[in-house]
Amino acid sequence: MSERLLGILTDSFPKLLLSCLKVTIPLTVIIFLLSLVLGFLLALVQILNIKGLKQLARVYIWIFRGTPLLVQLYIVFFGLPSIGITLDAFTSAVIAFSLNSAAYNSETIRSAILSVPQGQIEAGYMVGLSYRQIMMRIVLPQAARVAFPTLFNSFIGLTKDTSLAASITVVELFKSAQQVAAVYFEPFALYCEAAVVYLMLNTLLTFLQSYLEKKLEWKPQTKRKWFRIPFTKEKLMPIDDNEQ
């Protein structure tokens, strides 16, 4: 590695890191929260089997899971202005990513809710709980534990997928690397540096996921009491093989 290239990487690293902190992370968090809310509503509509709305939810999921995210991004940013709706790049990215992620999150949430045994719901009705109380106290706490790993994996995936927002001029981490590479004509080194920043971020998120999963593990409500077999000083006599 030449001294010039080392100087370029050293000078560009703070800029890439700042773009990650100021744009990539906030963009990811906003998208994930919006998609989580919309995904939960889509899942609930299907579970409650609301006529009309359930069919609309299935069509929505079919469309957004069946078409490329990049195409959806271009439709929102470049396509909507043709019908009089103009949005800035950041807002367009939030809308397109949120709509896309919600389709996947809804299926994760729906399957997690349906994984709770029906007997527990019936038991809730037997003790006089309402449907809302059963959902809040019995179903959702268990479903959250089931859905958490998959949802957090989606969150980690979003940190990488937001690099597609560079295609509509959102100056996030990857776009910053492109800008620096265009000035110094060192695309390989700078894109590798951007990859290192992504790797650092997602490594931290992976450790956070592991920590939170341990916190969500089922734990007994009371401490177990271990009973010891009383110790006796009597010696065991060997058994004679000839004895019947």
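**Terms and their grounds**

Modeller: Let us begin with N49, which is placed in the loop between α1 and α2 (53-66). Please bear in mind throughout that this is a predicted model.

Biologist: What makes the phi of N49 worth noting?

Modeller: Phi of N49 is near 55°, a positive value in a residue other than glycine. Most residues other than glycine have a negative phi. N49 comes after α1.

Biologist: Why is N49 called partly exposed?

Modeller: The relative accessibility of N49 is 46%. Buried requires under 20% and exposed requires over 50%, so N49, at 46%, counts as partly exposed.

Biologist: What is the phi of F185, and where is F185 found?

Modeller: Phi of F185 is likewise positive, near 55°, and F185 is not a glycine. F185 is found in the loop between α7 (173-184) and α8 (187-215).

Biologist: Why is F185 called exposed?

Modeller: F185 has a relative accessible area of 66%. The term exposed applies over 50%, so F185 is exposed.

Biologist: Let us turn to α1 itself. How do you know that its reach is close to the expected span?

Modeller: Helix α1 covers residues 3-47, which is 45 residues. From first C-alpha to last it reaches 61 Å, and 66 Å is expected at 1.5 Å a residue.

Biologist: Is C20 buried or exposed, and on what grounds?

Modeller: C20 has 3% relative accessibility. Buried means under 20%, so C20 counts as buried.

Biologist: What makes C192 partly exposed?

Modeller: The relative accessibility of C192 is 35%. This value lies between the 20% and 50% limits, and C192 therefore counts as partly exposed.

Biologist: How many disulfides does the structure have, and how do you know?

Modeller: A search of the whole structure finds zero disulfides. The criterion is a pair of cysteine sulfur atoms within 2.5 Å.

Biologist: Why is L38 placed in the partly exposed class?

Modeller: L38 has a relative accessible area of 27%. L38 touches Y60, L99 and A102, not counting residues up to four places away in sequence. The C-alpha atoms of L38 and L99, 61 residues apart along the chain, are separated by 8.0 Å.

Biologist: What can be said of T67?

Modeller: T67 lies in the loop between α2 and α3. Its relative accessible area is 33%, between the 20% and 50% limits, so T67 is partly exposed. Beyond its neighbours within four places in sequence, T67 is in contact with Q72 and N100.

Biologist: Which residues have the most contacts inside the largest nonpolar core?

Modeller: This core has 44 residues, and those with the most contacts inside it are A93, F97, V139 and V170. At least two residues each come from α1, α3 (69-79), α4 (89-114), α6 (131-161), α7 and α8. The most are given by α6, with twelve residues. A second, separate core of eight residues includes L42, V45, A57 and A102.

Biologist: What does F97 touch?

Modeller: Not counting residues up to four places away in sequence, F97 touches I31, L69, L73, L158, D161, T162, L164 and A165.

Biologist: Finally, how many helices and strands does the chain have?

Modeller: The chain has eight helices and zero strands. Buried residues make up 35% of its 244 residues. Of contacts between residues at least 6 apart in sequence, 77% join residues at least 24 apart.

Key:
Residues are numbered from 1 along each chain as its sequence is written. This is a predicted model: local features need pLDDT of at least 70, side-chain atom pairs count only at pLDDT 80 or more; totals for chains, interfaces and linings use all residues. Side-chain values use heavy atoms; hydrogens and water are left out. Helices (H or I, at least four residues) and strands (E, at least two) are DSSP runs, numbered from the N terminus. The expected span of a helix is 1.5 Å times one less than its number of residues. Buried means under 20% relative accessible area, exposed over 50%, partly exposed in between (1.4 Å probe, protein chains only). Contact means heavy atoms within 4.5 Å. A nonpolar core is a set of buried Ala, Val, Leu, Ile, Met, Phe, Trp, Tyr and Cys residues joined through side-chain atoms within 4.5 Å.
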